[in-house]
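Here is a short briefing on one protein chain. Keep the sequence and the 3D view open as you read.

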Amino acid sequence: MELGLIGLGRMGANMAIRLWQGGHRVVVYNRTVEKAVELAQEHNGEAAHTVEELVQKLTPPRVIWLMLPAGDATNAQIEALVPLLDTGDTLINGANENYKNSIAHGEKLIQRGIHFMDAGVSGGIWGLQIGYCLMVGGEPETFAHVEPLLATLAPPNGYKLCGPHGAGHFVKMVHNGIEYGMMQAYAEGFEIMQQSRYDLDLQGIADLWNQGSVVRSWLLELAASAFAKDPDLAGIRGYVQDSGEGRWTVQEAIDLDVPAPIITLALQMRFVSRQDDSFGARVLAALRNEFGGHAVKKAE
């Protein structure tokens with residue numbers, strides 16, 4: 001197939017390479033134009049110096065895939081693209097977008113005769129090698145049209161039309177919320193072992209658990225990889241960022257009256273990781289000292 005790909009970050013660039021390797025004609029564009037040109041030259045692909053040029057290089061009905069940061073950057077790019085596109089063209093948003101925004105994008109683009117699909121993309125920096133899990137929302141006819149692209153990007157059985165507009169990003173949102181909980185459980189378990197009386201080989205245990213254990217997973221393989229590089233993780237500060245999907249999952253659970261304590265606490269633990277010495281913790285220490293005379297550690 002023929003595709004225009006806008007946004008060559010860590011995932012976007014690798015997606016372009018995987019599609020080129022799969023025999024598709026991909027025209028790439030990036031705000032830093034030099035990056036697009038270098039990537040295309042390295043892989044015998046094509047680059048555009050402007051969004052207008054990218055659209056002109058594609059044969060209608062066009063398919064354009066956005067791999068930009070969710071929110072303002074994606075919204076602005078969609079607004080800039082709409083006047084350049086023709087009836088029957090397809091726009092795919094692969095950002096970690098809020099599913100409600102994707103519903104709104106779909107409704108607006110349909111009025112202009114432009115097809116829209118939201119694609120939740122999982123695979124990170126490993127996607128080039130093993131493929132991307134793709135959770136897609138949109139019209140069945142549009143899905144069928146772009147399916148050759150999805151089949152190249154994904155591993156076997158690794159893509160699915162989850163429902164109408166917004167469904168792909170909704171499923172990806174919940175996917176990332178579950179990921180928060182799984183990561184937190186692994187983190188707590190390994191800390192318990194690291195603090196125990198035993199001098200345990202954490203990398204070896206992670207490898208062991210991946211051999212038939214009920215807790216085996218790709219995340220556990222990545223834990224083993226991290227321990228292999230730095231057994232005590234001494235070179236890493238325990239500051240954990242979040243990119244929004246966990247918050248959206250928790251908010252959706254609240255809106256739907258669904259109890260989700262594990263995902264909620266996993267999100268809260270990420271906030272805790274950013275506080276070296278929180279005021280709340282100092283309040284707790286002061287209260288214990290006030291009512292029970294429990295010792296407190298003096299600030300340096």
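Where is P61 found? P61 sits in the loop between helix 3 and strand 4. Helices (H or I, at least four residues) and strands (E, at least two) are DSSP runs, numbered from the N terminus. This is a predicted model: local features need pLDDT of at least 70, side-chain atom pairs count only at pLDDT 80 or more, and totals for chains, interfaces and linings use all residues. Residues are numbered from 1 along each chain as its sequence is written, and side-chain values use heavy atoms, with hydrogens and water left out.

- Eight strands form an open sheet with mixed pairing, in the order 3-2-1-4-5-6-7-8. Two strands pair if DSSP finds at least two bridges between them.
- Strand 3 and strand 8 are the edges, each with a single partner strand, so one side of each has no neighbour in the sheet.
- Strand 1 runs parallel to strand 2 (residues 25-29), joined by five bridges. I6 stands opposite Y29 of strand 2.
- From strand 1 the chain passes through helix 1 (residues 10-21) to strand 2, in a right-handed β-α-β crossover. Right-handed means that, with the strands pointing away from the viewer, the path from the first strand over the helix to the second runs clockwise.
- Strand 1 also runs parallel to strand 4, over three bridges. L5 has W65 in strand 4 as its bridge partner.
- Strand 4 pairs with strand 5 in the parallel sense over four bridges. Here I64 is bridged to L91 in strand 5.
- Four of the five residues of strand 1 are buried. Buried means under 20% relative accessible area, exposed over 50%, partly exposed in between (1.4 Å probe, protein chains only).

- Helix 4 (residues 72-81) has T74, Q77, I78 and L81 as its buried residues. Seen down the axis of helix 4, these fall within an arc of 100°, so they line one face of the helix. The arc is that of the directions from the helix axis to the C-beta atoms.
- An α-helix has 3.6 residues a turn, so residues three or four places apart point the same way.
- The cover over these buried residues includes strand 1 (2-6), helix 3 (51-57), strand 4 (63-66), strand 5 (90-93) and helix 5 (99-111). Contact means heavy atoms within 4.5 Å.
- Helix 4 lies across strand 1, strand 4 and strand 5, at about 160° to strand 4. Axes are lines fitted to C-alpha atoms, for helices over the stretch in contact, and angles run from 0 to 180 degrees between N-to-C directions.

**Backbone exceptions**

- Most residues other than glycine have a negative phi, and most peptide bonds are trans.
- P60 and P61 are joined by a cis peptide bond, with omega about -5°.
- N44 has a positive phi of about 55°. N44 lies in the loop between helix 2 (33-42) and strand 3 (46-47), and is exposed at 75% relative accessibility.
- N157 has a positive phi near 60°. N157 is in the loop between helix 7 (140-153) and strand 8 (159-163), and is exposed at 80%.

**Cysteines**

- The count of disulfides (pairs of cysteine sulfur atoms within 2.5 Å) is zero.
- C133 is in no disulfide; the nearest cysteine sulfur, that of C162, is 8.3 Å away.
- C133 is partly exposed, at 36% relative accessible area. C162 is partly exposed too, at 31%.
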